[in-house]
Amino acid sequence: MSGKRTLLVIVSVIMAAMTLIGCSKDKSNNKQKNEGKIKIGIPLYNMGHRYWVDWIDEIKKLGIEKGFEIISTDSKGDAAKQISLMEDMISQGCDVIIICPLDPGGVNVAIKEAEDAGVRVILSDLEVVDRDGNRVASGLVGLETFETGKVQGRWAANYAKNNFNGKANVAVLSYPAEQPCLEAEYGFIEGLKEGLGEANVKTIVQNGQAATEQGMTVTENILSSNNDINMLWGANDECAIGGLAAMESRGMTEKDALVCGFYTISDVMELIKSDNSMFKVSMFLPPRAMADKAVEMALKAAKGEKFDYEVKVSFDLCDKTTVDSMME
């Protein structure tokens with residue numbers, strides 16, 4: 001019995017020592033992490049789009065202002081690459097990851113893995129849930145796209161009243177791959193119908209794929225079968241520019257049609273500012289506003305502070321009366 005008791009005492013002492021070593025190691029790691037700069041990882045959506053270039057530039061400015069470190073790499077529109085970049089950022093010791101998911105349905109596992117590893121994930125633009133509909137990230141900076149779309153639709157309705165006898169025959173360059181784009185589309189059409197009456201609105205919807213070349217091709221197809229089109233709406237400005245080119249190639253002018261875009265870019269602002277372009281209105285999402293909200297949420301998450309799960313950012317209407325201030 002004495003030998004057994006001695007063995008138990010030795011084992012107990014060893015286990016206690018191991019526990020103390022483990023605790024000391026954990027505290028040391030935490031202390032080291034807390035004393036350094038907060039590190040934010042950003043697997044960028046696609047730097048081929050001007051908006052994301054401006055957005056990451058604003059976050060870099062905030063990094064200088066607020067003193068946090070940024071690790072950012074372009075996913076180049078590749079969902080698998082974006083997930084791989086997330087995994088790299090976890091291994092590099094990021095405290096938080098800000099991500100606009102290329103594949104909301106496929107990235108939820110990677111987000112769960114990040115959260116389980118103690119890396120908080122803040123979503124930009126798009127929600128991500130698991131198969132049971134449960135949220136998997138720590139926060140979401142969302143877009144007020146439906147109501148924004150309605151504002152634009154009402155503007156277009158007034159334009160149609162003044163220029164097209166209250167009729168809107170719309171070529172809609174949709175982008176069903178992204179829910180915010182669909183919400184903006186639905187809002188725009190509803191705003192049109194509210195302003196003109198449902199009987200005076202006709203829509204022909206095709207996928208413009210959010211790209212200039214595809215927008216041009218799709219618009220050409222629509223125009224070849226419909227000679228009464230007097231309005232075009234694009235889910236982003238890139239595809240709307242393609243649609244504009246297709247309309248101009250047929251000799252159409254501002255007397256014949258109105259072009260409306262979304263997620264406005266500097267090239268479109270120049271068109272809106274001019275006197276004779278069909279492109280009259282778009283919706284401007286200030287990159288700084290989105291960057292501010294995402295960074296604010298990320299820093300709170302890294303510090304363990306409380307914050308609302310979701311905040312929404314509204315677009316601003318960009319037309320001839322507002323374009324100068326937005327370009328500034």
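Predicted model: local features only at pLDDT ≥ 70, side-chain atom pairs only at ≥ 80, totals over all residues.
Good morning. The largest pocket has a volume of about 410 Å³. Of the 24 residues lining this pocket, those closest to its centre are Y45, H49, W52, E178 and N236. Two elements, α2 (50–66) and α6 (179–196), each give two or more residues to the lining of the largest pocket. The largest share, 3 residues, comes from α2. By class, this lining has 15 nonpolar, 5 polar and 4 charged residues.

Residues are numbered from 1 along each chain as its sequence is written, and side-chain values use heavy atoms, with hydrogens and water left out.

Some terms also need stating. On a 1 Å grid over the protein atoms alone, a pocket is an open set of points with protein on both sides within 12 Å along at least five of seven lines, and lining residues have an atom within 4 Å of a point. Helices (H or I, at least four residues) and strands (E, at least two) are DSSP runs, numbered from the N terminus.

The second largest pocket has a volume of about 290 Å³. It is lined by 16 residues, and closest to its centre are D54, S266, M269, F284 and P287. Here the elements giving two or more residues are α2, α9, α10 (287–303) and α11. Again α2 gives the most, with 4 residues. This second lining divides into 8 nonpolar, 2 polar and 6 charged residues.

Let us turn to helix α9. Which residues of α9 (residues 266–273) are buried? They are V268, M269 and I272, where buried means under 20% relative accessible area, exposed over 50%, and partly exposed in between (1.4 Å probe, protein chains only). These three lie on the same side of α9, because they cover an arc of only 105 degrees around the axis, taken from the directions from the helix axis to the C-beta atoms. Among the elements covering them are α8 (237–249), β10 (279–284), β12 (316–318) and α11 (323–327), with contact meaning heavy atoms within 4.5 Å.

Finally, two loop residues. K76 has a positive phi, near 55 degrees, and is not a glycine; its place is the loop between β2 (69–74) and α3 (79–91). A210 also has phi near 55 degrees, in the loop between β7 (201–207) and α7 (212–225). Is each buried or exposed? K76 is exposed, with a relative accessible area of 58%, whereas A210 is buried, at 12%.

Conventions
1 Å grid on protein atoms, 1.4 Å probe; cavity = no way out; pocket = protein on both sides within 12 Å on 5 of 7 lines; lining within 4 Å. Points joined across faces, edges and corners; volume = space filled by probe spheres on them. Nonpolar A, V, L, I, M, F, W, Y, C, P; charged D, E, K, R; others polar.
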